[in-house]
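Me: I've got a protein open here and want a quick tour. Can you walk me through it?

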Amino acid sequence: MTTTTCSVTVNIRSKSGGGVVVLRLYMHDRLLMDAPAALASEVTVTVPPRGIITNQVVMTFDKAMVEQIGKTWDDMADPSLYVSIDASKSDLTYTASGPVFGIQPGDTAELELKAKEANAVRGKPRATSE
């Protein structure tokens, strides 16, 4: 029997703080640019707060069970994966690098993150005294 479980290793590197990060692995056919990608795996990781830290996370998925608009990995013309974070559920955010695209099963993706800005309420008017 052929196994259909695949994995991708994600190395998370943080230079400026730690916290919770929700990683998402998406599967998509590169020839279907307008179709939404399919969520293949989601992992919550706690990154320690000190120093330059690398956390290695293995994300697994079943390429026969995940579908993008009715097509599994083997049915796609040009299948690919990408790793992103769920910013609304994460304490860290991207550096300039952003999500990692063009991943294949068995690959290792490098994801560099940083602490979110302390001043998350930008744009709100400052209170004034009269």
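Predicted model: local features only at pLDDT ≥ 70, side-chain atom pairs only at ≥ 80, totals over all residues.

Me: What average pLDDT does the protein have?

Reply: The average is 86, and 86% of the residues score at least 70. pLDDT is the predictor's confidence in each residue, from 0 to 100.

Me: Which element has the lowest mean, and which the highest?

Reply: Strand 4 (residues 53-62) has the lowest mean pLDDT, 88. Strand 5 (residues 79-85) has the highest, 97. Over residues 119-130 the pLDDT is below 50. Beyond near neighbours in sequence, that stretch has 1 contact in the model (heavy atoms within 4.5 Å).

Me: How many helices and strands are there?

Reply: The protein has 0 helices and 8 strands.

Me: What about strand 1: which strand does it pair with?

Reply: Strand 1 pairs with strand 8 (residues 108-115), in the parallel sense, over 6 bridges. Ile12 has Leu111 of strand 8 as its bridge partner.

Me: Is strand 1 (residues 5-14) largely enclosed or exposed?

Reply: Largely enclosed by the rest of the structure, because 7 of its 10 residues are buried. Buried means under 20% relative accessible area, exposed over 50%, partly exposed in between (1.4 Å probe, protein chains only). Across the protein, buried residues make up 39% of the 130 residues.

Me: Switching topic. Which strands form the open sheet?

Reply: 4 strands do, in the order 3-2-5-7, with antiparallel pairing. The edge strands are strand 3 (38-47) and strand 7 (100-103), and each pairs on one side only.

Me: Which residue is the bridge partner of Val83?

Reply: Val100, in strand 7. Strand 5 and strand 7 pair in the antiparallel sense over 2 bridges.

Me: Ser80 next. Where is it, and is it buried or exposed?

Reply: Ser80 is in strand 5. It counts as buried because its relative accessibility is 1%.

Me: What does its side chain make a polar contact with?

Reply: The side chain of Ser80 makes one with the side chain of Arg30, at 3.4 Å. A polar contact is a pair of N or O atoms within 3.5 Å; within protein, one must be able to donate a hydrogen and the other to accept it, and residues adjacent in sequence count only if both atoms are side-chain atoms. Leaving aside neighbours within four places in sequence, Ser80 is in contact with residues including Tyr26, Trp73 and Ile103.

Me: And Val43, where is that?

Reply: In strand 3. Val43 counts as partly exposed because its relative accessibility is 22%. Not counting residues up to four places away in sequence, Val43 touches Val21, Val22, Leu23, Val57 and Met59.

Me: How far apart are Val43 and Leu23?

Reply: They are 20 residues apart in sequence and 5.2 Å apart in space, C-alpha to C-alpha.

Notes: Residues numbered from 1 in each chain as written. Heavy atoms only, no water. Pairing = 2+ DSSP bridges.
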